[in-house]
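This briefing covers a pocket and a pair of helices. Please look over the sequence and the model before reading on.

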Amino acid sequence: KRIEDRLLELVKQDQQQQLTLLTSIPGIGIKTALFLVVITDGFTKFEKASQLCSYVGITPTILESGSSVRGRSRISKVGNKKLRNLLFLCAFNACKHNKGCRAIYERIVAKGKSKKLALIAVANKLLKQAFAIAKSGLPYDENYVSILAKG
């Protein structure tokens, strides 16, 4: 707890603006925002949201080998396990309070896909929203962020 408090104190000194912007996204709390800022070095390590999603390991990977082996697509799980877990937990809250995330969740579940798969898609969407907001420097706006997050 003391380490977390100290980390928050240090990040607030340099990245207070980004923390405020990230916590304006419905579904992302202070812990997740703090972790995102620390892991991405203030979102300077990545040029595109897709690079960040791949780094975290929540992008789908298709398993196939020629024409004989066709496996189910799964998330890659290559990246940071802790951040992936935090985003997955944030997805539950985002489905209730974030308009864009709720739309994705309902669309995927309506197709007959599993709820877990839908939550992973919501986590991916949250990460893209966070990237768009951090890069643009604008606070969350539920009508505008869907256009920015398509990167």
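Does α5 pass α6 in a right-handed or a left-handed crossing? The crossing of α5 past α6 is right-handed. The model is a predicted one. The points below take up this helix pair, then the largest pocket, to whose lining both α5 and α6 give two or more residues.

**The helix pair**

- Two packed helices are described by the angle between their axes and the distance between the axes.
- For α5 and α6, the axes cross at roughly 155° and come within 9 Å.
- Because angles over 145 degrees count as roughly antiparallel, α5 is roughly antiparallel to α6.
- On the α5 side, the contact is made by Gly-100, Cys-101, Ile-104, Tyr-105, Ile-108 and Val-109.
- These meet a set of α6 residues, among them Leu-117, Ala-121, Val-122, Leu-126 and Gln-129.
- By class, the residues of this contact are 11 nonpolar, two polar and two charged.

**The largest pocket**

- The largest pocket holds about 920 Å³ of space.
- It is lined by 26 residues, of which Ile-75, Lys-116, Leu-117, Ile-120 and Ala-121 are the closest to its centre.
- Elements that give two or more residues to the lining are β4 (74-75), α4 (81-97), α5 (99-110) and α6 (115-136).
- The most comes from α6, with eight residues.
- The lining has 11 charged, 10 nonpolar and five polar residues.

**Where the two topics meet**

- Leu-117 and Ala-121 are among the α6 residues that meet α5, and both are also listed among the closest to the centre of the largest pocket.

Key. Residues are numbered from 1 along each chain as its sequence is written. This is a predicted model: local features need pLDDT of at least 70, side-chain atom pairs count only at pLDDT 80 or more; totals for chains, interfaces and linings use all residues. Side-chain values use heavy atoms; hydrogens and water are left out. On a 1 Å grid over the protein atoms alone, a cavity is a set of points where a 1.4 Å probe fits but cannot get out, and a pocket is an open set with protein on both sides within 12 Å along at least five of seven lines; lining residues have an atom within 4 Å of a point. Grid points are joined across faces, edges and corners, and a volume is the space filled by probe spheres set on the points. Helices (H or I, at least four residues) and strands (E, at least two) are DSSP runs, numbered from the N terminus. Ala, Val, Leu, Ile, Met, Phe, Trp, Tyr, Cys and Pro count as nonpolar, Asp, Glu, Lys and Arg as charged, and the others, Gly among them, as polar. Axes are lines fitted to C-alpha atoms, for helices over the stretch in contact, and angles run from 0 to 180 degrees between N-to-C directions. Angles under 35 degrees count as roughly parallel, over 145 as roughly antiparallel, 65 to 115 as roughly perpendicular and the rest as oblique. A crossing is left-handed if the near helix is turned anticlockwise from the far one by less than a right angle, and right-handed if clockwise. Contact means heavy atoms within 4.5 Å.
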